[in-house]
Amino acid sequence: MADLITVEDPDDPRLTDYTGLTDVELRRRREPAEGLFIAEGEKVIRRAREAGYEMRSMLLSAKWIDVMRDVIDELPAPVYTVSPELAEQVTGYHVHRGALASMQRKPLPTAEELLRDARRVVIMESVNDHTNIGAIFRSAAALGMDAVLLSPDCADPLYRRSVKVSMGAVFSVPYARLETWPKGLESVRGAGFTLLALTPDDKARTLDEAAPHRMDRVALMLGAEGDGLSTRALVAADEWVRIPMSHGVDSLNVGAAAAVAFYAVTAGRPES
């Protein structure tokens with residue numbers, strides 16, 4: 001059973017994992033280097049544990065102790081209880097969900113390991129908005145994508161905002177980083193995947209025309225919000241595909257576009 005420890009000093013060194021959560025640049029550097037990430041809210045914390053992530057500690061306001069009692073009773077990690085005011089001093093924002101957990105990261109698999117058994121893969125290039133990362137992972141999990149590959153400069157899927165927006169779906173879909181870009185795409189093609197670049201360009205075939213759900217192995221490439229896929233990524237693709245637009249709308253937010261495209265890629269597959 002975890003120890004319940006009341007903390008009243010915002011500078012208590014035991015709370016270091018939770019300091020400055022709104023400082024994006026600091027947390028982006030610090031969390032991977034220290035091998036941790038922050039899970040926020042009851043559902044996300046539970047999903048992180050179910051996915052096998054080890055808990056370093058929890059930070060709870062008093063009213064969440066009973067809600068999280070079953071988790072607390074199973075933990076060897078310390079549980080720090082604080083007032084909402086102190087939690088805000090430590091983290092830098094009002095913790096609406098009242099429960100935070102510092103989790104230990106796992107070593108990432110290689111792209112080759114993920115591709116071995118996958119059939120439907122999403123590849124992101126330079127997606128640096130954490131909200132979009134979370135939304136794409138949530139759709140990937142819901143619509144049956146098997147794995148996610150990230151270009152070297154993509155944002156961290158385990159950053160707090162990404163985890164929160166995905167509702168913990170970042171724990172459900174395995175992911176890896178390609179070590180080089182776009183050269184790393186050669187290993188995806190070598191594993192038998194057809195590389196489909198999602199773009200609003202009129203030269204692209206519609207998803208209905210391309211019929212990716214009939215292809216044996218598909219890797220769907222998505223670019224960053226606004227810029228889309230780079231020229232070199234488009235050149236590296238086997239085919240360009242697009243979502244038909246109406247009413248003068250030229251494109252969708254990348255998170256929304258991903259959901260539409262994932263459905264087209266996975267339609268007709270048996271549920272796992």
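User: Which residues of α11 are buried?
Analyst: The buried residues of α11 are Val254, Gly255, Ala257, Ala258, Ala261, Phe262, Ala264, Val265 and Thr266. Buried means under 20% relative accessible area, exposed over 50%, partly exposed in between (1.4 Å probe, protein chains only). Helices (H or I, at least four residues) and strands (E, at least two) are DSSP runs, numbered from the N terminus.
User: Before we go on, what should I know about the model?
Analyst: This is a predicted model: local features need pLDDT of at least 70, side-chain atom pairs count only at pLDDT 80 or more, and totals for chains, interfaces and linings use all residues. Residues are numbered from 1 along each chain as its sequence is written, and side-chain values use heavy atoms, with hydrogens and water left out.
User: OK, what covers those buried residues of α11?
Analyst: The cover includes β6 (120-124), α6 (130-142), β9 (194-198), α9 (207-210) and β11 (218-222), going by contact, meaning heavy atoms within 4.5 Å.
User: Switching to salt bridges, how many are there?
Analyst: The structure holds 19, each a side-chain nitrogen of Lys or Arg within 4 Å of a carboxyl oxygen of Asp or Glu. In one of them, Asp17 pairs with Arg56, with the closest N and O atoms 2.9 Å apart.
User: Where do Asp17 and Arg56 sit?
Analyst: Asp17 is in the loop between β1 (4-6) and α1 (24-34), while Arg56 is in strand β3 (residues 55-61), 39 residues apart.
User: Buried or exposed, that Asp17?
Analyst: Asp17 counts as buried, at 12% relative accessibility, whereas Arg56 is partly exposed at 27%.
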